[in-house]
Amino acid sequence: MSRTEHPLVQPLLAGDRRAIARAITAFEVDAPAARAIAAAIAPRLGRAHVIGITGAPGAGKSTLINALLGELLARGRRIGVVAVDPSSPISGGAVLGDRVRMAEHGGHENVFVRSVASRGHLGGLSRATSRMVDVLDAAGFDTIVVETVGAGQSEVEIVRVADTRIVVCPPGLGDDIQAIKAGILEIADILVVNKGDSPLAERTARDLKDMLHLRRHRTPPVKVLVTVATTGAGVPAVVDEIAVHRGAVGVGTRLRPRGEAPSVDEAAAAARALAAERTARRFLPAPVPAGAVREVLRVGDRGVAGGQGRPWRVRALAGPPLERLRQDLAAAGYASPSEGAPAWLVFTTGEALDRTGWLDYGMFLQRVLAAARARGLGACCEGALAPFHKTVAGALGLDPTEIVVCALAIGRPDPAAAAPSAEPAPLEQFAQFHGFD
Ligand SMILES: Nc1nc2c(ncn2[C@@H]2O[C@H](COP(=O)(O)OP(=O)(O)OP(=O)(O)O)[C@@H](O)[C@H]2O)c(=O)[nH]1
Ligand SMILES: [Mg+2]
């Protein structure tokens, strides 16, 4: 590999606008230079706070961003904007529209606005957007705003890229709200009802607040704010709330291993993860953050009926303690079905379990598995560990009453080595139906 740095890198890091624009274009068209630039700026990333703004077409996202720019500039920020244009034939004018709507501050030396088409990214829009955010981050913008239309894939992208997600809702009647609820409401860290000058706005805000009650508790709690983007009314409160959220979650979400990203909608993600269940056989060396393990175990433990005891004990191992256990097990003749996992969860029980106890234990394990997968972690069940009880007990200093159940090897799965999914059995083999039509 050449050691010469790409000529765009230094000017880009110095904030040169032409260099920024050219680097973004390189990522947009996936030019050969993109890789070299990405590698050179990688160590400089993670300082910017990324705000994702999504919502229905015409909700006023671009107008709101323009108003936010004014407020953020007044607070001394340097802001980069990436507006993803769906580039459908219908909204073919959107790029121009965005430019006009953000033109007020677009020329300010502390603002850089770039519209990008959502089509034609060889490496995928999500990656391209993420890289454009990287360019702006490396160039020293402390706040980066990404606008996408809330339809299909784009909200997923915003979840990955943004530290703080704002969903902009137009005022509407009940049915519109239901449509919002079905999709993008779940991802919001802050909900903004824009077009507050409409008589329906307050009502919409109330409906949204009611809906939030049905949702899982979030920290910080999701606020519903009303704005008139065209006049700037309510915008300072949005910027205040953005600061609160930033304080709670920090910056650089897109750069963290997926396991550490804030969970979006735990239940839905867990369900999807279950459906995509594959056993991981080999793992990448990336460590699993302790916070991710804690959350996975908390999710697993949830759903226990009130008052019920917990038959499970878990030892989470990484680094040298895990290495020692592995060595002891290998010496005792244990052949692990997994390779290179950066963490193990060793499950034990301190009780003689009856049938109900084992059912509970199995369901607990399944929840842990689903939670791990929902966080982008792969898992491999070390189901044959029980006969090596003595070795494990010795290595971990288990209580004399404790019995080894199994272990889960977890980590970032090596995609090249996933176990083939099991052939689905014909339903008749295990299920009978009685009394159906
Ligand atoms: N009355 C009123 N009109 C607004 C407000 N905010 C935006 N608009 C208008 O709504 C229209 C759409 O605004 P945009 O900012 O382009 O909306 P958008 O969500 O970015 O639209 P797309 O990017 O095409 O999805 C424009 O005509 C704006 O002037 C507001 O608070 N009140
Ligand atoms: Mg727009």
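Residues are numbered from 1 along each chain as its sequence is written, and chains are lettered from A and ligands numbered from 1 in the order in which they are written.

**Overall make-up**

- The chain has 15 helices and 11 strands; these are DSSP runs numbered from the N terminus, with helices (H or I) of at least four residues and strands (E) of at least two.
- Of its 437 residues, 39% count as buried.
- Among contacts between residues at least 6 apart in sequence, 81% join residues at least 24 apart; a contact requires C-beta atoms, placed from the backbone, within 7 Å of each other.

**Confidence**

- The average pLDDT of the chain is 83, and 79% of the residues score at least 70; pLDDT is the predictor's confidence in each residue, from 0 to 100.
- Over residues 88-96 the pLDDT is below 50, and this stretch has 5 contacts in the model beyond near neighbours in sequence.
- Residues 259-264 also have a pLDDT under 50, and for them the model has 19 contacts beyond four places in sequence.
- Where pLDDT is low, the predicted coordinates should not be read in detail.

**Strand β6 and its surroundings**

- Strand β5 (residues 164-169) runs parallel to β6 and is joined to it by 4 bridges; two strands pair if DSSP finds at least two bridges between them.
- Opposite L191 of β6 stands V167.
- Strand β7 (residues 223-226) is also parallel to β6, with 4 bridges between them, and V193 has V226 of β7 as its bridge partner.
- K195 lies in the loop between β6 (190-193) and α9 (201-213).
- K195 counts as buried because 23 other C-beta atoms lie within 10 Å.
- The phi of K195 is near 65 degrees, a positive value in a residue other than glycine.
- Most residues other than glycine have a negative phi.

- Leaving aside neighbours within four places in sequence, V145 is in contact with I51, I53, I65, L68, I79 and V81.
- Helix α2 (residues 17-28) has A19, I20, A23, I24, A26, F27 and E28 as its buried residues.
- D30 follows α2 and has a positive phi, near 55 degrees.

- D163 is in the loop between α7 (153-161) and β5, and is buried because 23 C-beta neighbours lie inside 10 Å.
- Not counting residues up to four places away in sequence, D163 touches H49, V50, R246, V249, G250, V251 and T253.
- The C-alpha atoms of D163 and A48 are separated by 9.4 Å, although the two are 115 residues apart along the chain.
- S130 is part of helix α6 (residues 125-138) and is buried, with 20 other C-beta atoms within 10 Å.
- Residues touched by S130, not counting those up to four places away in sequence, are R160, V161 and R254.

**The open sheet**

- An open sheet is formed by 4 strands in the order β8-β9-β11-β10, with antiparallel pairing.
- Its edge strands are β8 (312-318) and β10 (378-382), each pairing on one side only.
- Between β10 and strand β11 (residues 403-411) there are 5 bridges, and C381 has L408 of β11 as its bridge partner.

Conventions
This is a predicted model: local features need pLDDT of at least 70, side-chain atom pairs count only at pLDDT 80 or more; totals for chains, interfaces and linings use all residues. A residue is buried if 20 or more other C-beta atoms lie within 10 Å of its own, exposed if 12 or fewer, and partly exposed in between; C-beta atoms are placed from the backbone. Two residues are in contact if their C-beta atoms, placed from the backbone, lie within 7 Å.
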